[in-house]
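Me: I would like to go through this protein step by step. Please show me the sequence and the structure before we start.

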Amino acid sequence: MKGMLDFLEKAGLVKRDEPAAPANAEVSITITAPRADTSASVAPSEATIASPAASVTKALNLDNIYADQGVGPSIYPAERLLRLVDGLSAMDEATRQMAIKAMDAADESWTIDDPLADAAAKVQALAAHRQAVSANLQQLELETSMHLDAITSRQEKVVSDIRQQIAELEGLVARELSRTAQETASKEASLQAARDQIARDLAEVAQVSQRLQSLSHQFGTHGTTQQE
């Protein structure tokens with residue numbers, strides 16, 4: 001492993017903070033290799049997701065998810081190992097594996113099992129969170145469906161009642177129009193009958209008056225002579 005560390009140091013990929021020490025001494029290693037863009041490969045501590053209950057977005061706090069699922073702190077977190085892998089991304093797979101093993105062997109404060117166990121625990125926590133979120137979404141969908149069914153039923157009842165009331169009002173309108181037409185026809189018929197009767201009476205009056213006047217024309221002069 002020491003030869004690998006020497007190779008990495010000469011290549012400028014790692015730097016030992018202290019001069020070479022005996023084999024049983026602890027060695028501190030600093031990565032100097034340029035880091036690649038980790039925005040796509042490393043899971044961020046916060047991500048933006050769509051809330052199933054609203055159209056707005058909110059931050060997904062991974063630390064809270066891990067804590068809620070009982071994932072404790074790790075001596076060497078999985079994210080740290082991911083950053084290390086990204087920092088050595090310029091190497092081929094075999095060389096990168098050897099470099100990481102060399103760093104693991106040189107630093108007794110952690111072993112490769114630490115980040116692997118942390119990663120496994122976090123994967124399990126994320127799976128449990130995903131299952132819980134999916135269950136919540138299914139419950140929300142069920143409740144929303146029930147509410148929508150209730151809204152539809154209420155709408156159908158209200159519309160049916162309104163249409164029934166409209167039909168009843170239209171029946172009242174039709175009956176009122178019919179009654180009004182009958183009363184109007186009756187009144188107009190009565191008026192016409194009165195007009196006809198008065199016309200006949202006036203005609204008779206005129207006829208009688210004319211006959212009476214004819215007497216004056218016939219005997220008016222004779223009556224005057226007798227008086228004189």
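Me: What average pLDDT does the protein have?
Reply: The model is predicted, so each residue carries a pLDDT, the predictor's confidence from 0 to 100. In this protein, 71% of the residues score at least 70. The average pLDDT is 79.

Me: Which pattern does the protein follow along the sequence?
Reply: The secondary structure comes to 5 helices and 4 strands. Read along the sequence, the pattern is α-β-β-β-β-α-α-α-α.

Me: What percentage of the residues of the protein count as buried?
Reply: A residue counts as buried when its relative accessible area is under 20%. The protein has 228 residues. The share that counts as buried is 16%.

Me: With which residues is leucine 81 in contact, leaving aside its neighbours within four places in sequence?
Reply: Leu81 is a member of the largest nonpolar core. Tyr76 and Ile100 belong to that core as well. Leaving aside neighbours within four places, the contacts of leucine 81 are Tyr76, Ile100, Ile112 and Pro115.

Me: How many residues are in the second, separate core?
Reply: This core includes Ile65, Tyr66, Val71 and Ala125. Its count is 6 residues.

Me: What distance does H4 reach from its first C-alpha to its last?
Reply: H4 has 14 residues. At 1.5 Å a residue, 20 Å is expected, and the model comes close to that. From first C-alpha to last, H4 reaches 20 Å.

Me: Which residue caps the N-terminal end of H4?
Reply: A side-chain oxygen of the capping residue lies 3.1 Å from the backbone nitrogen of alanine 94. The capping residue is aspartate 92.

Key: Residues numbered from 1 in each chain as written. Predicted model: local features only at pLDDT ≥ 70, side-chain atom pairs only at ≥ 80, totals over all residues. Heavy atoms only, no water. Core = buried A, V, L, I, M, F, W, Y, C linked by side-chain atoms within 4.5 Å. Buried < 20%, exposed > 50% of the residue type's maximum accessible area, 1.4 Å probe, protein only. Contact = heavy atoms within 4.5 Å. Helix = DSSP H or I, 4+ residues; strand = E, 2+ residues; numbered from the N terminus. Expected span 1.5 Å × (residues − 1). Polar contact = N/O pair within 3.5 Å; in protein donor to acceptor, adjacent residues only side chain to side chain.
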